[in-house]
Amino acid sequence: METTPAVDLAKAEAEVDLPEIGDRSRYNALMEVIRNRVTVRKFDPDYVVPEEHYDMIMEAARHGPSGANAQPWQFIVVKEADKKAKMADYFVAEQRFRAKAKMKFPTPDYRGLATAPGFVVVCSDMRWVNAFPILNDGSDLDARYKENAERILLQSVAAATMSAHLAAASLGYTVWWVTAIGQEEAQKELRPLLGIPEEISVLDIFLFGPPASAPYKRWRRPIEEILHQDTYNTDHFMSDEDMAEWIKTRRHRVMFKDASKID
Ligand SMILES: Cc1cc2nc3c(=O)[nH]c(=O)nc-3n(C[C@H](O)[C@H](O)[C@H](O)COP(=O)(O)O)c2cc1C
């Protein structure tokens with residue numbers, strides 16, 4: 001019997017297959033996936049991800065758009081339990097540090113990293129900023145463009161990562177996006193564990209699997225709060241005080257509560 005390969009690479013490379021403008025069938029299928037992509041922070045520890053699912057998910061990442069089509073991403077699939085546990089330990093310790101430093105950020109429980117069935121470390125080589133518009137002459141102007149170039153790089157990696165998250169969601173998995181971005185300490189800790197060269201930075205960890213308990217949908221801003229027509233509508237503009245208040249009173253609720261339980 002003929003079997004369909006999980007990923008048809010030849011087709012993927014050769015064809016652009018657009019539906020009729022306005023044909024809802026693919027939109028509806030995509031929205032089904034987008035609406036039901038949810039974060040959980042603890043997965044079924046006994047589940048083993050079939051090999052072809054990694055291929056299918058990473059194939060989605062590979063097709064992400066990127067600045068200058070640099071495709072500045074690398075993905076490390078981690079299967080060794082010991083490595084997962086060590087990374088979980090790192091994040092748990094980092095939370096303690098943040099609490100001590102009084103960051104007041106609501107603390108997710110990072111122990112769930114240790115038993116996440118799907119575990120992918122998302123990396124980039126930050127030298128890819130050189131592929132974007134910069135001067136590289138050490139001037140102030142160069143510094144401003146470099147800042148922008150770094151944003152281009154991060155947006156590119158996020159675009160591919162999001163494709164991977166959606167592919168995982170389309171296969172029925174719940175997901176978890178953990179950011180390790182920035183701090184050199186994180187890089188120093190994580191690089192040796194995975195044999196990552198010094199030039200490469202760990203940006204995120206992408207976890208997926210069946211959830212350990214029923215997931216819930218988180219609150220979303222209504223469309224009128226985020227959508228503008230021709231000019232920026234300041235009706236929903238937040239003052240510094242509004243924002244501080246939101247962070248103080250709402251952030252923890254929208255992060256950890258079911259949308260139906262939030263007014
Ligand atoms: C860029 C980015 C960084 C995130 N970083 C973390 C993180 O470090 N730790 C964490 O527990 N969740 C992290 N999340 C997950 C968010 O908390 C989650 O997406 C958000 O609460 C909305 O919930 P939902 O994914 O179920 O829609 C991150 C998500 C994104 C997109």
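Student: Let me begin with S170: is S170 buried, partly exposed or exposed?

Tutor: A word on the source: this is a predicted model, where local features need pLDDT of at least 70, side-chain atom pairs count only at pLDDT 80 or more, and totals for chains, interfaces and linings use all residues. Residues are numbered from 1 along each chain as its sequence is written, and side-chain values use heavy atoms, with hydrogens and water left out. As for burial, buried means under 20% relative accessible area, exposed means over 50%, and partly exposed lies in between, using a 1.4 Å probe and protein chains only. S170 has 46% relative accessibility, so it counts as partly exposed.

Student: Where is S170 found?

Tutor: Helices are DSSP runs of H or I with at least four residues, numbered from the N terminus. S170 belongs to helix α5. Between S170 and N36 there are 134 residues in sequence, with 8.6 Å from C-alpha to C-alpha in space.

Student: Which side chain does H53 join in a polar contact?

Tutor: The side chain of Y173, at 2.6 Å. H53 sits in helix α3 and is buried, with a relative accessible area of 14%. Contact means heavy atoms within 4.5 Å. Leaving aside residues up to four places away in sequence, H53 touches Y47, L171 and Y173.

Student: How many salt bridges are there?

Tutor: The rule asks for a side-chain nitrogen of Lys or Arg within 4 Å of a carboxyl oxygen of Asp or Glu. That gives a count of 12 salt bridges. One of them pairs E59 with R62, whose closest N and O atoms are 2.9 Å apart.

Student: Why are E59 and R62 separated by about one helical turn?

Tutor: Because they are three residues apart in helix α3, which covers residues 51–62. E59 is buried at 13% relative accessibility, while R62 is partly exposed at 35%.

Student: What about D142 and K146?

Tutor: Their side chains meet in a salt bridge of 3.1 Å, N to O. D142 and K146 are four residues apart in helix α5 (residues 140–170), so about one helical turn separates them. D142 is buried at 3% relative accessibility, and K146 is partly exposed at 28%.

Student: Now the ligand: which residues surround it?

Tutor: A residue is near a molecule if one of its heavy atoms lies within 4 Å of it. The ligand's surroundings include R37, R41, Y110, W176, T179 and R220. The shell divides into six nonpolar, two polar and four charged residues; here Ala, Val, Leu, Ile, Met, Phe, Trp, Tyr, Cys and Pro are nonpolar, Asp, Glu, Lys and Arg are charged, and the others, Gly among them, are polar.

Student: Which ligand atom lies 2.5 Å from a polar side-chain atom of T179?

Tutor: A nitrogen atom. Ligand oxygen atoms lie 2.7 Å from a polar side-chain atom of R41 and 2.8 Å from one of W176. The protein covers 72% of the 620 Å² of accessible area that the ligand has on its own, by the Shrake-Rupley method with a 1.4 Å probe.

How values were computed. Helices (H or I, at least four residues) and strands (E, at least two) are DSSP runs, numbered from the N terminus. A polar contact is a pair of N or O atoms within 3.5 Å; within protein, one must be able to donate a hydrogen and the other to accept it, and residues adjacent in sequence count only if both atoms are side-chain atoms.
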